[in-house]
Amino acid sequence: QVQLVESGGGLVQAGGSLRLSCVASGDTFSINVMGWYRQAPGKQRELVSTITSGGSTNYQDSVKGRFTLSRDNAKNTVFLQMNSLKPEDTAVYYCHAQKTFADRTTYHFWGQGTQVTVSS
């Protein structure tokens with residue numbers, strides 16, 4: 001099992017910045033993708049950004065140029081730097097980790113979520 005603990009959410013004014021952190025513990029061997037998803041009230045959970053163990057990143061179009069995802073493999077930690085925040089970024093942000101093995105068996109792990117609220 002993998003446990004994910006998030007931190008760094010909060011309330012910020014539009015145009016401000018926040019930095020989310022997620023630490024993975026437990027059976028972290030073979031985690032090959034980590035990242036963040038978010039879920040706003042009344043909406044489905046959506047991908048924000050992911051990063052592979054090799055450092056390749058992927059971003060949702062709406063956050064490109066504003067959010068930066070980085071990873072410290074030695075500490076099993078990912079950081080989401082969020083700049084130029086907008087009210088529409090308001091959501092619960094969930095850390096995600098994925099293990100995919102050679103036989104394509106895939107396991108998904110989720111954090112408990114951290115609230116990000118951007119006021120206008």
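A disulfide is a pair of cysteine sulfur atoms within 2.5 Å. The views below show a predicted model, and by this rule the count of disulfides comes to one.

**View 1. The disulfide between C22 and C95.** The sulfur atoms of C22 and C95 are 2.0 Å apart. C22 lies in strand β3 and C95 in strand β9 (residues 91-100), so the link ties together parts that are 73 residues apart in sequence. The angle about the S-S bond is -85°, and the link of C22 and C95 is left-handed. C22 has 0% relative accessibility and therefore counts as buried, the limit being under 20%. C95 is likewise buried, at 0% relative accessibility. A disulfide is a covalent bond between the sulfur atoms of two cysteines.

**View 2. The open sheet with the strand order β1-β3-β8-β7.** Four strands form this open sheet, and their pairing is antiparallel. Strand β1 (2-7) and strand β7 (67-72) are the edge strands, each of which pairs on one side only. On average, neighbouring strands of the sheet are turned by 15° against each other, direction ignored.

**View 3. The pairing of strands β3 and β8.** Strand β3 comprises residues 18-26, and strand β8 comprises residues 77-82. The two strands run antiparallel and are joined by six bridges. Within this pairing, R19 stands opposite Q81 in β8. Strand β3 also holds C22, the partner of C95 in strand β9.

View 4. The side chain of T77 reaches the backbone oxygen of K75 at 2.8 Å. When residues up to four places away in sequence are not counted, T77 touches C22, V23, S70, R71 and D72. One of these residues, C22, belongs to the disulfide of View 1.

**View 5. The polar contacts of the R38 side chain with Q60 and D89.** R38 is found in strand β4, which spans residues 31-39. With a relative accessibility of 5%, R38 counts as buried, since the limit for this class is under 20%. The side chain of R38 makes a polar contact of 3.3 Å with the side chain of Q60. A polar contact of 3.0 Å joins the side chain of R38 to the side chain of D89.

**View 6. The protein chain as the setting for the close-up views.** The secondary structure comprises eleven strands and zero helices. Read along the sequence, the chain accordingly follows the pattern β-β-β-β-β-β-β-β-β-β-β. Taken along the principal axes, the box filled by the C-alpha atoms is roughly 45 × 25 × 25 Å. The radius of gyration of the chain is 14 Å, which agrees with the value near 14 Å for a compact globule with 120 residues. Of the contacts with a separation of 6 or more, 53% involve residues 24 or more positions apart.

Terms used:
Residues numbered from 1 in each chain as written. Predicted model: local features only at pLDDT ≥ 70, side-chain atom pairs only at ≥ 80, totals over all residues. Heavy atoms only, no water. Pairing = 2+ DSSP bridges. Axes fitted to C-alpha atoms, helices over the stretch in contact; angles between N-to-C directions. Buried < 20%, exposed > 50% of the residue type's maximum accessible area, 1.4 Å probe, protein only. Polar contact = N/O pair within 3.5 Å; in protein donor to acceptor, adjacent residues only side chain to side chain. Contact = heavy atoms within 4.5 Å. Rg over C-alpha atoms; globule rule 2.2 N^0.38 Å.
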